[in-house]
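Visitor: I would like to learn how to read helix packing and sheet order in a model. Where do we begin?

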Amino acid sequence: MRIIACTERSFGKLEPFSLEMITAARAAGATGDEVVAFFAGQDPEPAVANLGAADRLVAASAGNSELIAAESYARLLKDVVAAEEPGLVLVPYSANGLDVAADLAARTGWPLVSYVNEVRRDGDRLTVIAQVYGGKILAECNVPLPAILMVNPGAFAEAERRTVDPSKLQHSDARAVVAEGRVRLVGVDVPNYDSVDLTTAERIVCVGRGIGDEASIDIARGLADILGAEIAGSRPVVDSGWLPKVRQVGKSGQKVKPKLYLALGVSGAPEHLEGMSKSDLIIAVNTDPKAPIFNVAHFGATCDLFDLVANLSERLQAASDR
Amino acid sequence: MSETPVLWIVTLAAIALTVWRSRRYIVALAQAPGANRFDQPWRRLEGVAIAIGLHRKLLRKPLSGILHALIFVSFFVLFTVTIEAFGSRLFPGFSLAPIGGDSWIALLQDLFAVLMLAGLGLAVYQRYVLKPARFKGSSGADAAIIYVLILLIVSSLLIEAGARIVGGADGSWRPVASLVADLLRVLDLPAHPAERIAYWIHIGAILAFLVYIPGSKHRHMFLAAPNIYFRNLEPAGTAPAVPSERENPGVASLVQFDWKQQLDLLSCTECGRCQAVCPAYASGLPLSPKMLITDMRDALANEASGPLVGGVIAEETLWACTTCRACMEACPVEIEHLPKIIDMRRHLVDEGHVSPMLQDALSNLTRLGNSMGKPSKMRARWTKELGFPVKDARSEPVDVLWFVGDYASYDPRVQDVTRKVAELLTAAGVDFGILFDAERNSGNDVRRAGEEGLFETLAQSNIDAIRACSFNRIVTTDPHSLNALKNDYRHFGGEFEVLHYTALLAELVAAGRLDIGPADGATVTYHDPCYLGRYNGGFDAPRDLIRAAGYTLHDMPRCRENSFCCGAGGGRIWQGDDGVKERPSENRIREALGLGVGIFVVACPKDKVMYTAATDALGVASSLRILDVAELINLREASSA
Amino acid sequence: MKILVVLRMIPDSAGELELTSDGRGIDREWLDFQLNDFDDHALEEAILLKEASGATVVAVAIGEGSNRVLQMAVARGADEAIALDAQADGMIDSRAIAGSIVALARSKAADLVLCGVQSTEDLFGQLVPYAGALLGWPHVSGSSRLGIEGSALRVTQERGGGIAATYEIALPAVIGVQTASKAPRYVSGSKLREASKTTIGKARFEPAGFERSAEIVALRLPGQRGTGEHLGDNPENVAERLAGILAAKGFAGV
């Protein structure tokens, strides 16, 4: 069987989940199966330099723009699927993947399972474990082949990075497809990291919906100042406009890996955990003892946020004053 | 020129000026929407007599009350001087002498001139030496001007009388003026010019005062009595209904307030008693009930004051109120702060201007009938851990229909209390049942948060559920539910006999139906919940129960009508602590800590939650336990079994 | 312009999920259903577009409590409300309902279909790409801002790393909303009561026509993976412990 592993790049770098797709493909495959990495984007160089773990790389490059619309990506993928006749296509759960996976499913009629964490091959079918209800429940699914899976980033380890052998590279020009697209890219907004770059911060205090209101963020900021930490927020907090977008942690924000991650009132949706679960020390405070953030926290407390922050700030301040 | 035409001209000019200065207020009141405040004249007059004649509320602050009484009574006595002063010159030949103007009236005038000065001295002492915090934000100039005018009026009348005695008049009925006369003789002032100058100072001061009044808090001399007369005679717990002629539920500008609400603004004396008792003000939130009124009053006089809601009165000010009603209880002139706040909140809610947390709570209430966002089907889950089934009042008749309420049903900190109440009722053989998932939040605080439409939906749903049951009386755990069911539901045709569980338990104890194993007399204190005490007069039943349970009650300084709110009411529990410097609940716990008692007794599920959190936050949970009245009651059978 | 906005009723995220005895579904007895949060944002975006450029908004709801949510949509400004009669006693499978949404988009002559980018029940794929592909319309998922410029739609899409891409799309199109340009508005009880008189239309289920699909064999609750230490719920104790931990790990003091 042939398995296509979809990969992506973002701003000159290969997205790390691209390598995870290759591992996932190997997990789903049997001996003798062929794993074909598919890449579509501005310039395939980072894919060529890293995706050697796949048996082949099929790359389509579109030239001038930093990212290509999911519409074009899906169209290019569909052509590759038609040509390669795979038994399985793996799409990462990413902003791009959200538009690509079900589009392909609709056009091929193949089954699709989203938010996949585990894959096992059972003869001519797959058994997959996928998250449903925001990770509160796991679903074991029986998937007839050919099929499409949308795989959670972080669920599989990265495959080894090595260069693709030139003989295994099939490269095509995608400019004509992109030019025909009805979704026309008119601009890309890259956050201004001059003021803050959470990805390099060693200490982060992150506030979630449990913080309640905008003014309370100042209280958390006070604690962050004492700790010498950057203040960050989860998606609801940033959506409310209480913190700027550059301070968002999670799937649609920054993926961070600080030495200290203090989560205040963050419940820990899968999309948030994806962005911070690799931090060295995670301390979580949330009044809901069932909040998923506690699954990744090294220390957890279920007390009142405000009393804790006030008390802790006082203690730390007193300690640093001494 | 003769003095008569001069006085006529000056007096008429002063009156004209006074009317001109009052014109905006007169027009505003004349154009305001109607209010039905003309019923029950005798009851209204009785209230005026008690409030003014007996100075009932004023005397709650003894120094202020006494000084006000001195000035107030002296004013009436000295008014005879004013009558004489104006009458004798405007209508030559007029004199009070035939009815005693030179004898007993003169004596009274003399004595009360001194009392007036004594009252004035106390007022000056209070304002400039004691400086009570409640005056913060009141007009200092207003007070200073009146002190000077009173001093001028009283001293000029004494000097005028003294000068007359120097000029040969009989001083035997005027002991004080005679002393002044001696002084004038020492100073060797010519008697007649002194008398005339003093007379004109007197007249001038009185007319200046008259002209000054419309722009000052001294309007209350004329408006306090009518404002008290036209006070609200509805039960305290009934929130004002939305008038049917109003297009939107809320009030967005001053002109939409009815004439009584506007009269309130003009009647304010800036005494600050409301500010002194306000939990929102004490906690550092941007609400002073006094300044709420005076800001609106000032806007009434100023056409260019901008929008009312979100302008003259900030949104944060409106949301700060806990609707505890302490301000209205304290107000000596019966100003109605809450109806104004609720009406302006109604406007904010209708416009969708609610904070994210409040929006969450209201959305949960819309969706699920409770503010916590819990499934309605889980409302009666607390019954599962009881050793006996609870009757479903929807399917079988009961004597007592128990309206449990949100916190008592859902909050794990309160569920134990709820189960204890169920056990006590069962032990006393009360035939009771609940509504299970047909119960909704009573809407008491929804209504007071300004969400009238949602309140109607909740009320209608509860009324329908209650009407479908067969029962004799309703008992509630939550004082807030008690208030809504007893007072608010009448606006929607729901008239029920409703009592608080403390009243029912006290009744059962009195009837000997609960066999209590009394405690050892340990001293406890008790917090009066706003909606049980101040709103519905339920002061004694909880206290009777505490004593019956074998405890000694030591009340806090602020108790009964003067109880201090926990900070949760009126929708505050659904909002953040944003801007709060000291939580009202922690303020209250500090008050209790001063008594040295070990138990803080509550009779409201929200209080259990608020004060448990407060003792935790203050780190005193081990030394001051928060217990519900029901938890104090120890049954003999239960303890032996 | 006509906008079709899709509103899916999903189990309340605050509720505790329990499994049915056969382990294939969730126990719906104790659950309340609420509007999918992303769909709420889609509705808000639809109303904002209506306010900005005079569109007609048709709301279609699926699942338990549809009527109530449709009344809310009307109170917020939707012009027409339709309840889609889907198999209401299980998960709302976006793959399965895509056919009905496509049929409605066609019969209502919609220029734009808006719905939430995801729902907690779209295990078998998301509605936006399904509907877009079946209609043959372009689709973009994850919008955080939407506007009309001339006859084109301008969409800002959230991508990872805080990057936002802006596209121009000629209508018709299908957009998956992540965040509305403004937070969903509060609609007061009095407006809801007014809207409760609205007539709610009905739409029949139309199959999407997919032959094969994956199926759920079993559901289970994830085990608590966390091995972290619980510090309790007393703020003072927690603060004391945390201050100690932070100091021990060298985080106290800048």
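Guide: Axes are lines fitted to C-alpha atoms, for helices over the stretch in contact, and angles run from 0 to 180 degrees between N-to-C directions. Two packed helices are described by the angle between their axes and by the distance separating those axes. The model here is predicted.

Visitor: At what angle do helix 3 of chain B and helix 5 of chain B pack, and how far apart are their axes?

Guide: Helix 3 (residues 62–90) and helix 5 (residues 140–166) of chain B pack at about 55°, and their axes are 12 Å apart. Helix 3 of chain B is therefore oblique to helix 5 of chain B. The crossing is left-handed.

Visitor: Which residues meet there?

Guide: From helix 3 of chain B come B:Ile71, B:Leu78, B:Val81 and B:Arg89; from helix 5 of chain B come B:Ile150, B:Val154, B:Leu157 and B:Glu160. By class, this contact has six nonpolar, two charged and no polar residues.

Visitor: Now the sheet. How many strands form it, and in what order?

Guide: Strands of a sheet pair through backbone hydrogen bonds, either parallel or antiparallel. In this case 10 strands form an open sheet with mixed pairing, ordered 11(A)-5(A)-4(A)-1(A)-6(A)-10(A)-7(A)-8(A)-9(A)-11(C). At the edges are strand 11 (169–173) of chain A and strand 11 (215–220) of chain C, each pairing on one side only. From one strand to the next, the twist averages 25°.

Visitor: In which sense do strand 6 and strand 10 of chain A pair?

Guide: Strand 6 (residues 88–92) and strand 10 (residues 147–151) of chain A pair in the parallel sense, over five bridges. A:Leu88 stands opposite A:Ala147 of strand 10 of chain A. Helix 4 (residues 95–108) of chain A packs on the sheet and touches strands 6, 7 and 10 of chain A, its direction making about 170° with that of strand 10 of chain A.

Notes. Residues numbered from 1 in each chain as written. Chains lettered and ligands numbered in written order. Predicted model: local features only at pLDDT ≥ 70, side-chain atom pairs only at ≥ 80, totals over all residues. Heavy atoms only, no water. Pairing = 2+ DSSP bridges. Helix = DSSP H or I, 4+ residues; strand = E, 2+ residues; numbered from the N terminus. Contact = heavy atoms within 4.5 Å. Parallel < 35°, antiparallel > 145°, perpendicular 65-115°, else oblique. Left-handed = near helix turned anticlockwise from the far one by under 90°. Nonpolar A, V, L, I, M, F, W, Y, C, P; charged D, E, K, R; others polar.
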